[in-house]
Amino acid sequence: MSVRAEDRVAARLDDAGLDLLFRTARSHNGWLPTPVSDELLEQIYDLMKLCPTSVNGSPARVLFLRTAEARARLLPAVNPGNVDKVRDAPVVAVIGYDLRFHEHLPQLFPHNPSTAALFANNEVLAEAAAFRNGSLQGAYLMLAARALGLDCGPVSGFDAQAVNREFFADGRVRVNFICNLGHGDHARIFPRSPRLRFEQACTLL
């Protein structure tokens, strides 16, 4: 069912929704032994995929590591300080970006078939677009997971080349970051670190 424009303007999340996504949400280091279903992972993707990317390119590719055996393949590439949190997470999302995402543009951007050639003929442009929009999609994944009741623990402390060798050996996809998913152990989080004030980070022109 479509929503009228005036209703979209008036609609907003209540405080409980804003808390869930932002104000009380935290990056988790420890995890409760509560399983995450495959159906919930599919729901996360079904929300994530609706969010915007340039020319609807959708370059993110996600490996959901759901088993101990799958996570064990990742652990040698993870920095020592992150090993426990990755090993113990119910699911680890390895978020990559497809350097040849443009091959799907005839499906995803059908009203302008010539767009794919812009990226096919310019590797630098294609890589920049894949990384930028894949990063956006990784953030969308985190918000979708939080919206569906999961906690997140993004991790960038790992050997990207080692992850690519293990999981993306053909070179088409490269890892961006990894994100642990599950129900976090709130007893193991640190106090929230300070953030920049509006006037430190933003300029009104």
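This is a predicted model: local features need pLDDT of at least 70, side-chain atom pairs count only at pLDDT 80 or more; totals for chains, interfaces and linings use all residues.
**Entry 1: Thr53**

I started at Thr53, which is found in the loop between helix H3 (38–48) and strand S1 (60–65). Helices here are DSSP runs of H or I with at least four residues, strands are runs of E with at least two, and both are numbered from the N terminus. Numbering goes from 1 along each chain as its sequence is written, and side-chain values use heavy atoms, with hydrogens and water left out.

Is Thr53 buried or exposed? I got 12% relative accessibility, so Thr53 counts as buried (buried is under 20% relative accessible area, exposed over 50%, partly exposed in between, with a 1.4 Å probe and protein chains only).

Next I looked up what Thr53 touches, leaving out residues up to four places away in sequence: Ser58, Pro59, Asn133 and Gln137. Contact means heavy atoms within 4.5 Å. For Ser58 I also found its backbone nitrogen 3.1 Å from a polar atom of the Thr53 side chain.

**Entry 2: strand S2**

I moved on to S2, residues 91–98. Eight of its eight residues are buried, so the strand is largely enclosed by the rest of the structure. I checked each face: Val91, Ala93, Ile95 and Tyr97 are buried on one side, and Val92, Val94, Gly96 and Asp98 on the other.

Which strands pair with S2? S1 runs antiparallel to S2, joined by six bridges, and S4 (residues 173–182) pairs with S2 in the antiparallel sense over eight bridges. Pairing takes at least two DSSP bridges between the strands. Two spots I marked: Val62 stands opposite Ile95 in S2, and Ala93 stands opposite Cys179 in S4.

**Entry 3: whole chain**

I counted ten helices and four strands. From the N terminus on, I read the order as α-α-α-β-α-α-β-α-α-α-β-α-β-α. The radius of gyration is 19 Å, close to the 17 Å that the globule rule gives for 205 residues, so the chain is as compact as a globular protein of that length. That radius is taken over C-alpha atoms, and the rule is 2.2 Å times the number of residues to the power 0.38. The C-alpha trace spans about 55 × 50 × 40 Å along its principal axes.

Of the 205 residues, 41% count as buried. Among contacts between residues at least 6 apart in sequence, I get 81% joining residues at least 24 apart.

Conventions
A polar contact is a pair of N or O atoms within 3.5 Å; within protein, one must be able to donate a hydrogen and the other to accept it, and residues adjacent in sequence count only if both atoms are side-chain atoms.
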